[in-house]
Amino acid sequence: MRTEEDIKKELKEKNKDMRMREANVRLNPATGGMAYSASVGLYYAFSLLILMLLVIFKADKNEEIVTYANYLAAPLAIFLCTVLILRFRNIRFKAVFHFKCKFRYYIIALLLVFGLLFSLSWINDLSLKFFKLFGYNERESYFPNLSGGYIVPALLVIALLPAVFEECLFRGLMLSCCRTSMGGVATIFTVGFCFSLFHGSPEQTFYQFIAGCVFTFIALRSGSILPSVLMHFLNNAVIVVLQACGALGVDGALKISAGGSIALIVVSAACFIGAIVWLSLDGIPLKKSEKHASRSFYMFASFGIFAMAVVWTTTLFGLG
């Protein structure tokens, strides 16, 4: 005979299951598209606010505080957007953000980020040379002061905060929304595309697209955002540290001998390819996309895509 306590426990479990089902209904491509457009809109708003403050206080655009403010605009916009979407769509935090995963995914993450940094970084240089054919001028370095203890706040705003908040949006909220009906392959390329476009950097577009797809792939396989957070942080942090140590040349290439460069590229490429194969064979095949599922996402993400395409284009032609 069931006791009153058993009945209460059963009702609690039923309510929990109902809330999870309701959350899954709201976790759809339309919500993912809304999240992207809202993030871009808030990013524009924060950037405009920073510009207004610069004019009001007559600050020099090269001042340290301006550089930090520009780096903080995107993480702040993403944080506010994520909170608002979860709140107004009534989506539970646990339905979107998953943290537990098997240890092997951290090993795969390290292999992947090593491969990205040292076997695919040439893509940026190749992209720069290509866009220069259209009159594009390379943007000035936006690194703040990296000497001594100044590297700590630099790592915070350039590596840690973007890694945490961008992964929460792209590999947390947007991934959870897209994979429900868009399937694995479409989700990987869609989230990777939006991630790349969000940065608005022509010379880094192709590298960031590949990185965005890889981050999404490991998040799908592991069921957690932590491996991609680790990869994102290391990708940015290594660049900051190398820049601080003077290990990067004017072209952004590592200052090592030709033989050392070739060996590094070969080893890192092997690690990258091996990790991708490992992920591909790990688990069941990716789910196929449902009919017209992507249409819903792109309809609601159209504002964000258009707005960031404008930024990308104006940057390319030196109009921004």
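Trainee: How many cavities of 30 Å³ or more does a search of the whole structure find?

Mentor: Rolling a probe the size of a water molecule over the atoms shows where empty space is left. In this structure, the search finds one cavity of 30 Å³ or more. A cavity is a set of points, on a 1 Å grid over the protein atoms alone, where a 1.4 Å probe fits but cannot get out; a pocket is an open set with protein on both sides within 12 Å along at least five of seven lines; lining residues have an atom within 4 Å of a point. The model is predicted, so local features need pLDDT of at least 70 and side-chain atom pairs count only at pLDDT 80 or more, while totals for chains, interfaces and linings use all residues. Residues are numbered from 1 along each chain as its sequence is written, and side-chain values use heavy atoms, without hydrogens and water.

Trainee: What volume does the largest cavity have, and which helix gives the most to its lining?

Mentor: A volume is the space filled by probe spheres set on the points, which are joined across faces, edges and corners. For the largest cavity this is about 60 Å³. Helix α7 (residues 151-178) gives the most to the lining, with four residues; helices are DSSP runs (H or I, at least four residues), numbered from the N terminus. Among the lining residues are Val96, His98, Arg171 and Ile225.

Trainee: Where does the largest share of the lining of the second largest pocket come from?

Mentor: That share, five residues, comes from α3. The second largest pocket holds about 160 Å³ of space, and its lining includes Ile78, Phe79 and Cys168.

Conventions: Helices (H or I, at least four residues) and strands (E, at least two) are DSSP runs, numbered from the N terminus.
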